[in-house]
Amino acid sequence: MKAPLHDLETLYTSALQDHVANPEEAVLQRAYELGRKALDDGLGVLEMAALYHKALVKLLSGPRAPEKSVRLVQGAEIFFVESLAPFEMTHRAVREANTALRQLNERLEEEAKRIAHSLHEETGQFLACTYLALDEIRRDLPPPSRVRLQKVGDLLEQIGKHLRQLSHELRPTILDDYGLLPALEFLAEGISKRSRLKISVQGPNHGRLPSSVETTLYRIVQEALTNVGKHARATTVNVRLRQDPRVIRCSITDDGVGFGLPAVTARKKHRGLGLTGIRQRLDGLGGTLQIDSKRGRGTQMLISIPLKD
Ligand SMILES: Nc1ncnc2c1ncn2[C@@H]1O[C@H](COP(=O)(O)OP(=O)(O)O)[C@@H](O)[C@H]1O
Ligand SMILES: [Mg+2]
């Protein structure tokens with residue numbers, strides 16, 4: 001159960017006092033357990049530092065010889081470091097999980113690339129062959145049957161279009177072949193057609209970025225535009241890329257209904273994975289996401305990713 005902060009302060013001060021009087025392993029163990037409890041209760045490192053500071057001020061308040069005060073502070077420091085150990089372990093675990101997630105994302109992208117390629121090239125070729133075979137049959141048929149066969153041909157063409165669209169959504173070959181800006185323009189065009197949103201894409205079109213950066217930004221803009229279509233009730237969206245030698249920035253601005261980020265984060269049900277996914281993708285590259293949104297005043301998402309020299 002979550003202990004009130006005040007209780008934790010009392011526990012911390014009394015354990016620290018015991019440790020200073022009797023610096024044994026068993027007492028130090030209490031520092032570790034207190035750290036775990038604080039972590040479970042949702043406290044952060046800054047609150048732990050404040051807790052330590054308050055406890056230390058209390059313990060130092062009485063009169064004592066300077067060398068005793070020095071020993072007290074030294075003992076308290078050991079206790080403090082031990083109480084932070086659970087935070088350090090959690091931090092490392094999160095870093096490892098992030099690395100694993102990044103590798104998983106890369107594997108999924110590779111897989112998407114493979115399936116998209118197969119869908120586009122191989123299935124496309126089969127369809128083209130079927131189309132040619134049908135055309136040959138059509139020529140040998142009397143006119144009324146030709147019309148009926150033409151309908152089959154039209155359906156095949158629609159299947160082909162649908163497969164090409166699916167393949168592009170899975171992994172746009174344009175991203176691999178021509179880079180981020182053309183891929184974003186193509187994405188915006190597809191979404192505009194389907195949703196009647198007016199989307200403009202602006203940015204520099206010189207040179208290529210590292211593939212991981214291009215893929216990450218493409219997926220983020222894809223999710224952001226999907227969100228605009230799903231939630232914003234907007235009429236226009238601007239996607240802007242700006243690049244300098246050390247950083248690439250991308251903003252996605254819509255004129256929709258906006259939302260309160262704290263309320264979305266605090267939601268118990270249906271929290272959604274889109275924004276979380278965006279943050280996790282960015283973590284893997286040392287990037288950041290800033291969301292500026294207010295109810296009734298649209299939303300702006302600002303992404304920045306450092307570029308290595
Ligand atoms: N551009 C936007 N305009 C309005 N609301 C948004 C926008 N983007 C996100 N939201 C809000 O943030 C929530 C979380 O988004 P997300 O994490 O992508 O989950 P999901 O799209 O699955 O709901 C959405 O449910 C929506 O309420
Ligand atoms: Mg979403």
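The model is predicted, so local features are held to pLDDT of at least 70 and side-chain atom pairs to pLDDT 80 or more, while totals for chains, interfaces and linings use all residues. Residues are numbered from 1 along each chain as its sequence is written, and chains are lettered from A, ligands numbered from 1, in the order in which they are written.

**Overall layout**

Let's start with the elements: the chain has 10 helices and 5 strands (DSSP runs, H or I of at least four residues and E of at least two, numbered from the N terminus). The radius of gyration, taken over C-alpha atoms, is 30 Å, well over the 19 Å that the globule rule gives for 309 residues, so the chain is more spread out than a compact globule. That rule is 2.2 Å times the number of residues to the power 0.38. Along the principal axes, the C-alpha atoms fill a box of roughly 110 × 45 × 40 Å.

The domain assignment (automatic or from a database) gives domain 1 (5-96), domain 2 (107-170) and domain 3 (175-306). The centres of domain 2 and domain 3, over C-alpha atoms, are 33 Å apart.

**Helix pairs**

Axes here are lines fitted to C-alpha atoms over the stretch in contact, with angles from 0 to 180 degrees between N-to-C directions.

| Pair | Axes come within | Crossing angle |
|---|---|---|
| H3 (45-59) and H4 (66-140) | 11 Å | roughly 155 degrees |
| H7 (180-195) and H8 (211-232) | 10 Å | roughly 15 degrees |
| H8 and H10 (274-283) | 10 Å | roughly 165 degrees |

Angles under 35 degrees count as roughly parallel, over 145 as roughly antiparallel, 65 to 115 as roughly perpendicular and the rest as oblique. H3 and H4 are therefore roughly antiparallel. Residues in contact have C-beta atoms, placed from the backbone, within 7 Å. From H3, Val45, Met48, Tyr52, Leu56 and Leu59 meet Leu72, Ala76, Phe80, Ser83, Leu84 and Phe87 of H4. By class, that's 10 nonpolar, 1 polar and no charged residues (Ala, Val, Leu, Ile, Met, Phe, Trp, Tyr, Cys and Pro count as nonpolar, Asp, Glu, Lys and Arg as charged, and the others, Gly among them, as polar).

H7 and H8, by their angle, are therefore roughly parallel. Among the residues making this contact are Leu184 and Leu187 of H7 and Val221 and Leu225 of H8.

Note on methods. Contact = placed C-beta atoms within 7 Å.
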